[in-house]
Amino acid sequence: MALSLLIVSISFYLKEYISPDSDLYATLSLVSVAGVVVMVIAFSLGLGAMPWIIMSESLLINIKGLAGSFATLANWFFFWLVTLTTNLLLDWSSGGTFTIYTAVCVFTAGFVAIWVPETKGKTLEEIQQFFR
């Protein structure tokens, strides 16, 4: 995801210095679209499912309903926040917008790598013990 967002941001930065009539401008436009498509696919296959996987594998049974509801609310709130601010950021700077999204993606990957525990091959009790 971060790589595709970086490619999109670089293509937007380069488009600022190229004539809109040139063939390279059209190519950079296609690269931007392809980068966004790759990012959406990567999100769907990876990070998009992360909140649901974490909720199902790590929440204690006695608080799963309430905590799951709160996590779902937070997840949709941040989706709404991104949707709300995207047009404002694009009016400011297209390249800057995707650079911010790249930085957030890199931060998220680091957060998941450092603080989200591996649950493969562990029982629910072992996973829950990690969070106590």
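## Pocket lining

By class, the lining of the largest pocket in this predicted model comprises 30 nonpolar, 8 polar and 1 charged residues (Ala, Val, Leu, Ile, Met, Phe, Trp, Tyr, Cys and Pro count as nonpolar, Asp, Glu, Lys and Arg as charged, and the others, Gly among them, as polar). The pocket holds about 1400 Å³ of space, the volume being that filled by probe spheres set on grid points joined across faces, edges and corners. A pocket is an open set of points on a 1 Å grid over the protein atoms alone where a 1.4 Å probe fits, with protein on both sides within 12 Å along at least five of seven lines; lining residues have an atom within 4 Å of a point.

Of the 39 lining residues, Phe43, Leu47, Pro51, Asn75 and Thr108 are the closest to the pocket centre. Helices H2 (23–45), H3 (50–58), H4 and H5 each supply at least two lining residues, and H4 gives the largest share, 11 residues. Helices are DSSP runs (H or I, at least four residues), numbered from the N terminus.

## Packing of H4 and H5

H4 (residues 64–92) and H5 (residues 94–115) pack at about 140 degrees with axes 6 Å apart; axes are lines fitted to C-alpha atoms over the stretch in contact, and angles run from 0 to 180 degrees between N-to-C directions. The two helices are therefore oblique to each other (under 35 degrees is roughly parallel, over 145 roughly antiparallel, 65 to 115 roughly perpendicular, the rest oblique). Their contact has 7 nonpolar, 4 polar and no charged residues.

## Basis

Residues are numbered from 1 along each chain as its sequence is written. Local features need pLDDT of at least 70, side-chain atom pairs count only at pLDDT 80 or more, totals for chains, interfaces and linings use all residues, and side-chain values use heavy atoms, leaving out hydrogens and water.
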